[in-house]
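Visitor: I am new to this structure. Please take me through one part of it closely, and then show me how that part sits in the whole.

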Amino acid sequence: MSDLWLPALLLLDSTIRLAAPLILAALAGLFCERAGIVNIALEGKLLGGAFAAAAAAQLTGSAWIGLIAAMAFGWGLAMVHGFATITHRGDQVVSGMALNILVAGLGPVLANAWFQQAGRIPVTAEAARFPSLTLPFAEAARSVPVVGQIYAELLSGHNLLVYLAFLAVPLTFWVIWKTRFGLRLRAVGENPAAVDTAGISVPWMRYRALMVSGALCGIGGAYLSIAQNAGYLRDMSAGKGFLALAALIFGKWRPVPTLLACLLFAFTDALQIRLQGLPVPGIGEIPTQFVQAIPYVVTVVLLAGFVGRAVAPKAIGVPYVKDR
Amino acid sequence: MAMGGRSPLPAWADYGLLPLLNLVVAFLIAGLVVLALGENPLEASGYLVRGAFGSPELLSWTLFYATNFVFTGLAVAIAFHAGLFNIGAEGQAYIGGLGLTLVCLYLGDLPFFVILPLATIAAAAFGAAWGFIPGWLQARRGSHIVITTIMFNFIAASIMTYLLVYVLIRPGSSSPETVTFAENAWMPQLWQLGAAIGLDLPRAPLNLSFFWALVCTLLFSLFLSRTRAGFELRVVGRNDQAAIYAGISPARWQMIAMALSGALASFIALNEVMGSHHRLLLNFTGGYGFVGIAVALMGRNHPIGILLAALLFGALYQGGSELAFDMPAINKDMVVVVQGLVILFAGALEHFFRPSLEALFRRRRAVPA
């Protein structure tokens, strides 16, 4: 029993670490898709956030300035998305893809010119990264079986941004379902004409949704480069923005089911890392390449069948034209 | 998608002036990025243009890259015409390369004129299959094509890495690549053909695939504008409700469009694998599939537009690598930045100039009438 218990606990522990950026990106997606803006630029905003955080943290030596820079960069990208899709009613998917590609190129170009490390930005100083936090009494609790171990291994010892990501879920739930802002935001995504009739500006609501979304993605990006890893690498978001988007669809645009979907994806990722080079009973060792593809295959399978009808916000992807 | 309805603009403005304006803005912003890198944008453009067109050899390289972009541009465009956004051209080309390689490796003893059609068909079949699956998932299961094609890119990369590391690797090699194909399975390069008839052409990997790209463009054009099938495909893309009323099945044409798209993307392998490297390499697709998005949007999904846009990106790739050599502060990823900017301005911000341009033309037309 106990020789299975601890590895399982460690697997869940790494699930939580890997889920954090997915959760932040998925919630970012939730805000803007609930407001009727398709956001496949989550990937680019995560990557852009990772770049900005690493660059700012390395230059100033402060993790907090890195975080603020990441949020600002994510916000800026979201505003470009808004300018193209809200102000100029451009295609939201095309705009999102443009931002993804733009950021994928801009990061290595600027990193190469500013840090001369072949497109990488190492973050060297200890203070420029977010440390792990040990919750009170975690060491003392370790000796208590089960409950204490869960507390010490699973709940304690994470990064500040991980706790922030999990806190963001109830917060998002509250904002989207319990506040006037949330009601209006959902209404803009379902029936913008009605919101307009009530004298509320549809574009301004959508811009605000994008602002929240950009900042959340920025935090997710900062987590990648100055918390989980020590620096920025080319394409380090590795499809996480797209996985987050799939989790959002799988979670039917609701915060708690989306959280569960993110945990599922993170679990397959954690399993994938754990399985590398490890023989599976009855099958033998699975080649790394196949193991690495598990999260992507799971995403396709989930999108293909087990979602049921995913009912998107009604006005999603449709630019709002006032005088029609 | 990026196809609008009836426009008051004359065709030359719609297909010429508007893309040009979008391009100018994209380049101005790219110039600002170059400034931020501490280099002179004008000087950089000089290096770029000279690097792309400065000599017959450089021009040949430009056309070699452009060949890839014609294939991927057509691939993305045919999906656009059916109302689908295919960002999986990269993975489809990669898997297509597998089909081509299997033929070239295992049937390499056959004469070239037998291998060439077999390799072409194998590449197309593999690429089409890899495009068809997301198409089927979209049409029948409602899975978002953008997400599934992205996932299929990752899955294709995993499969190909596995095959190159464990199965197809040249025995004794430490880098993941196959053995060099037998010379029967090499696509003749233009300088070799030139030499046969006494022409002295520069030694560049530009090969017969270039002409195949032109043929594909012609077929693409004829299919969409002259055949019933092409018409049905476009109806589905314009208005799937109207298609249903007309007795056209949108699901069927979405799947066919994705298969055609995958087949077109796979022809990169003819140019890169059969025409240049003569062996299968890791990541031989090098992001060309994503460039196809920019090419299709820039070319407004029109065959001639795609040829011009492919030439532009061919020049950017070739000129860009010369530029990276001359100005170390600028690396090759600068081309990716330009690509993103072009997609942003030619695709997402296509309405940026259109209203003012339309107003201008409306006013001009109103005066003589």
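Visitor: In which loop of chain A does A:A238 lie?

Guide: This is a predicted model. A:A238 lies in the loop between β4 (231-232) and α11 of chain A. Look at its backbone first. A:A238 has a positive phi of about 40°, yet it is not a glycine. That deserves a second look, because most residues other than glycine have a negative phi. Now look at its surroundings. A:A238 has 17 C-beta neighbours inside 10 Å, so it counts as partly exposed. A residue needs 20 or more to be buried.

A:R89 is not a glycine either, and its phi is positive, about 50°. A:R89 sits in the loop between α3 and α4 of chain A. With 17 other C-beta atoms within 10 Å, A:R89 is partly exposed.

Elements that give two or more residues to the side of chain A that touches chain B are α3 (63-87), α4 (92-115), α11 (240-250), α13 (288-292) and α14 (294-306) of chain A. The largest share comes from α4(A), with 14 residues. Altogether the contact takes 39 residues from chain A and 40 residues from chain B. On the chain A side, 25 are nonpolar, 12 are polar and 2 are charged. For the complex, the predictor gives an ipTM of 0.86 and a pTM of 0.87.

Step back to chain A as a whole. It has 14 helices and 6 strands. Along its principal axes, its C-alpha trace spans about 65 × 50 × 40 Å. A compact globule of 324 residues would have a radius of gyration near 20 Å; chain A has 20 Å, so the two agree. Of its 324 residues, 52% count as buried. Take the contacts in chain A with a separation of 6 or more: 77% of them join residues 24 or more positions apart.

Finish with chain B. Its mean pLDDT is 89, and 97% of its residues reach 70 or more. Residues 1-5 of chain B have pLDDT below 50; beyond near neighbours in sequence, this stretch has 13 contacts in the model. Helix α5 (residues 112-141) of chain B has 30 residues. Just after α5(B) comes B:G142, with a positive phi of about 70°.

Methods. Residues numbered from 1 in each chain as written. Chains lettered and ligands numbered in written order. Predicted model: local features only at pLDDT ≥ 70, side-chain atom pairs only at ≥ 80, totals over all residues. Contact = placed C-beta atoms within 7 Å. Helix = DSSP H or I, 4+ residues; strand = E, 2+ residues; numbered from the N terminus. Nonpolar A, V, L, I, M, F, W, Y, C, P; charged D, E, K, R; others polar. pLDDT = per-residue confidence, 0-100. Expected span 1.5 Å × (residues − 1). Rg over C-alpha atoms; globule rule 2.2 N^0.38 Å. Buried ≥ 20, exposed ≤ 12 C-beta atoms within 10 Å, placed from the backbone.
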